There are 2 protein chains.
Amino acid sequence: MTQHLATRPLMVAAARREPVTRAPVWIMRQAGRYLPEYRAIREKHGFMEMCKTPELAAEVSHQPIERLGVDAAIIFSDILIPLEAMGLPVEFTEKGPKLAQPIRSVADVVGLRIPEPAEDMPFVAEAIRILGQRLAGKVPIIGFSGAPFTLASYAVDGGGSKDYAQSKKLMVTEPKAFGLLLDKLAETIARSLEAQVKAGASLVQIFDSWGGVLSESAYREFALPATRKAVEMTRTRTGVPIIYYLGGGPHLLTPSVRTGADVLSVDWRLDLGKVLDRHGKKVAVQGNLDPTLLYADPARIRAEVAKIRASVAGRPGHIWNLGHGILPDIPVEHARAFVEAARGD
Amino acid sequence: MTQHLATRPLMVAAARREPVTRAPVWIMRQAGRYLPEYRAIREKHGFMEMCKTPELAAEVSHQPIERLGVDAAIIFSDILIPLEAMGLPVEFTEKGPKLAQPIRSVADVVGLRIPEPAEDMPFVAEAIRILGQRLAGKVPIIGFSGAPFTLASYAVDGGGSKDYAQSKKLMVTEPKAFGLLLDKLAETIARSLEAQVKAGASLVQIFDSWGGVLSESAYREFALPATRKAVEMTRTRTGVPIIYYLGGGPHLLTPSVRTGADVLSVDWRLDLGKVLDRHGKKVAVQGNLDPTLLYADPARIRAEVAKIRASVAGRPGHIWNLGHGILPDIPVEHARAFVEAARGD
């Protein structure tokens, strides 16, 4: 890590709550469909093919860097890759990849293997290595994984869901099986993130996109211990800053601090200034413009960025981002307007 | 209203925060697929056919009363009925009814008519009259409608959605058109609820199932004024207690009190005792067991009910319910266990 000290990236410094010249900015799903150059590649290749072809994954990860002027590159991959590596076949539907044989029983959980990233998903690390060569230190790379609960709900419900009824049913009726599933996922996540850091990622983000569907007690009983375990193992093995994204979870702010993550990434349901008031001595914050506000014209986007800036009020430990992934029909110039306003250009 | 004074139903008294012998209980979607006798009717009739055939709607509304021992009957209907009456055609898909021609422009909004319930959806009032005859005063009837924002998001996104991107896009890019849509919906809702009360409903519930996707500022700017307008008009025209259900909105608790509703119905993301601590002098509360906890065995269900009871601690102004609609694969005996535990049987 010592080579970072001289030229510590803004992203790493902000994640550590160190003073920075300006708060860094990146966008969740910045390597994505709103970019014409992404769509040009996507037209010729399947989504999972892109995830599994390191040259292509590195290429689309690199696309938004110059185009938007962001301070980090997140590796292009899919949240289902580690589940597939655990032995859950992924099928392709019009709405994207889904799991063909969801987990529904104790036996299903017991049958899951904990993957070896170098053997079972080597293309992720390889994509990061290629991306690192292209970036040549310009901006750091963010590795990522789903969080234990979110991956478990994908594994059980088979994909996105309205109410995650099957996941919660397993949690309620077979709590030990659900706990074992979370435990296996925590180890899988730590191994995946370790491999990504070894390949060149300078930070990692753990996405708990669906964690907010839990009550506080269910979160504390199931999601939190498994996430904390994943965070602790990742920290021990890598030493890089860990960002924890929790979607739709304004009621889970206090327990989410206990995951041990360095940065909490929250959505538009929370006020960043209030999060810093309450927890700014323990964590940095990332966020949090509602992605649909990027439909607005650039003047309105700048005004919304100014509101968040006023709320944060120059305190250290802020990374600009949206509250969720950028939507596919956002004009590129609106994404640029957000980045420029966040940078203070 | 005077005839109620002697035999004021528990539901009405609790909604008014008056002392009651026990807190009343009912279940959102209690007239639904988890009941075999409902499925027997549904096998022979289409969903919208059931909504529009007063005898059938009254029959399925009546089914859970004796079977579960609940303290109110909610009329069986669909949230899209008033939208259809405004001129938006409803189509049928495997996943339920959807809007064939969603609202996408100012012109679309201007073209919407405000329906006359007696002419455009007379079957709702007729179903309530038939249900009233069958119930003969045993329990009161709850009328219902979607809330302005939730109906607007159905109208614009055409059905349920993951991120309500189209609705929020219209809100962001055409705020006046979106405001006009909400305004027309507020009047439509008030007319619909007035007709339901005239037909025999003793309370009404306004469902803001999707309101929780809004930031607090967007909620205050759009959803709140329109909901308050619907509440005020309904109160002036009917005088019955008004329940406001807000799903996924723990961050919107304080502004939701400003709707003026008598009862806030909240989900498992909030602690009922804390809601009463903060707002119990202004509103009653309804809720809030996570519906997936009804997958658990009756002993666990009783334990979860006991936790909510301890949180409420005997304060007036509590109506038992789930935090969202009952799921279709819940065993009837589990629903009964919830009702019995809530009643204190």
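Strands (E, at least two residues) and helices (H or I, at least four) are DSSP runs, numbered from the N terminus.

The model is predicted: local features need pLDDT of at least 70 and side-chain atom pairs count only at pLDDT 80 or more, while totals for chains, interfaces and linings use all residues. Residues are numbered from 1 along each chain as its sequence is written, and chains are lettered from A and ligands numbered from 1 in the order in which they are written.

β5(B) belongs to an open sheet of 7 strands with parallel pairing, in the order β1-β4-β5-β6-β7-β8-β9 (chain B). At the edges stand β1 (73–74) and β9 (318–322) of chain B, each with a single partner strand, so one side of each has no neighbour in the sheet. Two strands count as paired if DSSP finds at least two bridges between them. Three of these parallel pairings are set out here.

| Strands | Bridges |
|---|---|
| β1(B) and β4(B) | 2 bridges |
| β4(B) (residues 141–146) and β5(B) | 6 bridges |
| β5(B) and β6(B) (residues 242–246) | 5 bridges |

Phe144(B) faces Gln205(B) in β5(B), and Phe207(B) is opposite Tyr245(B) in β6(B).

β5(B), helix α13 (residues 216–238) of chain B and β6(B) form a right-handed β-α-β unit. Right-handed means that, with the strands pointing away from the viewer, the path from the first strand over the helix to the second runs clockwise.

**The two chains together**

A rotation of 180° with 0.0 Å of shift along its axis superposes chain A on chain B (RMSD 0.0 Å), fitted by least squares on the C-alpha atoms of residues with pLDDT of at least 70 in both. The two copies are therefore related as by a two-fold rotation axis. The same surface serves both: 100% of the contact residues of chain A recur in chain B. Contact means C-beta atoms, placed from the backbone, within 7 Å. Chain A and chain B each give 20 residues to the contact.

**Confidence**

Chain A averages a pLDDT (the predictor's confidence in each residue, from 0 to 100) of 96, and 98% of the residues score at least 70. Over residues 1–6 of chain A, however, the pLDDT is below 50. For the complex, the predictor gives an ipTM of 0.95 and a pTM of 0.96.

Technical notes:
Two residues are in contact if their C-beta atoms, placed from the backbone, lie within 7 Å.
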